[in-house]
Amino acid sequence: MSRIAYVNGQYVPHRTASVHIEDRGYQFADGVYEVVTIFNNRMIDEEGHLDRLWRSLDELKMDAPMKREPLKMVMREVIRRNGIENGIIYLQVTRGVAPRDHPFPKHAAPALVMTAKRLSMEKSQKTAEAGVNVITVPDIRWTRRDIKSVSLLPNVLAKQEAKEKGAYEAFQIDEDGMVTEGSSTNAWIVTQEGKVVTRPTSNSILAGITRGSLLRELEKHNIDLELRSFSKEELISAREVFLTSSTTYVMPVVKVDDKIIGNGHPGIVSQQLRAIYEKFMQEI
Ligand code: PDD
């Protein structure tokens, strides 16, 4: 089945899908996006992702390209036309096409594009069984990381550095030596006392949708949680480390920089939380 993209009202072959060179997303990174998991033909946390999309749009004073219900219909159609059982749908809204000038254009209509991609559940499971390596890098991003903006250059640089060092992800460290989040994931630890810790939401991190759902599952399962920042030292000396996102679900981390975490294998709590999250996805 050949891939289909959605571009401003049309379903087009993915290989020829394009936008104008004066799209403000291209020139100013003046846009926002969402990545939604598709699991067993269904979207996971669709409403949460759309709530966050609308919040990002509001924060940037950007109009929505269409109302929520028609948008959901387009998302379903993109998934259907691409025949995706397990994977992701990518959705991007920019302020539209206008002659290059920094202030908001008066007449441009917001531009909407979507793509969908298959992801291998087997590959994800294998990666989770082995666990992944993470490096730490300084957080050099702007102070509105709560907005899911397409302006991702620091994230790209961080992920590239991770790749060059044979790691899966880079956890970013703020000016106070505290972990903010990964370049495309949220960061978690399990302390030596067995407490699950993740940073509270603020302008410093993205309010991950996977993070939010996992927090609700922790509560349901009466698992001890501390919502607080943690330092790089605490990260390195944690009993367990893991990360979350729409593309990785719950992913155990077995090495941070040069330090092996635990016994170098995915920790018990991380494995338990991955299983809990998978069950949550299955039951949606
Ligand atoms: N990234 N933090 C950052 C900086 C992210 O870019 C993401 C998501 C997350 C996790 O959020 P969620 O659980 O809602 O996926 C945290 C997506 C997957 C991406 O950029 O591809």
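A pocket is an open set of points, on a 1 Å grid over the protein atoms alone, where a 1.4 Å probe fits and protein lies on both sides within 12 Å along at least five of seven lines; its lining residues have an atom within 4 Å of a point. A volume is the space filled by probe spheres set on the points, with grid points joined across faces, edges and corners.

The model is predicted: local features need pLDDT of at least 70, side-chain atom pairs count only at pLDDT 80 or more, and totals for chains, interfaces and linings use all residues. Residues are numbered from 1 along each chain as its sequence is written, and side-chain values use heavy atoms, with hydrogens and water left out.

**Exercise 1.** Characterise the second largest pocket by volume, lining and contributing elements.

*Solution.* 
Step 1. The space in this pocket amounts to about 230 Å³.
Step 2. Its lining comprises 15 residues, with Gly-48, Arg-52, Ala-207, Gly-208 and Ile-209 closest to the centre.
Step 3. Helices and strands are DSSP runs numbered from the N terminus (helices H or I, at least four residues; strands E, at least two). Two or more lining residues come from each of α2 (46-59) and α6 (209-220), and α6 provides the largest share, five residues.
Step 4. By class, two lining residues are nonpolar, seven polar and six charged. Here Ala, Val, Leu, Ile, Met, Phe, Trp, Tyr, Cys and Pro count as nonpolar, Asp, Glu, Lys and Arg as charged, and the others, Gly among them, as polar.

**Exercise 2.** Describe the largest pocket and state which domains contribute to its lining.

*Solution.* 
Step 1. The largest pocket holds about 1300 Å³ of space.
Step 2. Of its 45 lining residues, Val-35, Lys-159, Ser-184, Ser-245 and Thr-247 lie nearest the centre.
Step 3. Helix α5 (residues 153-164) supplies the largest share of this lining, four residues.
Step 4. The lining contains 16 nonpolar, 20 polar and nine charged residues.
Step 5. Domain 1 (4-118) and domain 2 (124-283) each give at least three residues to the lining; the bounds come from an automatic or database domain assignment.
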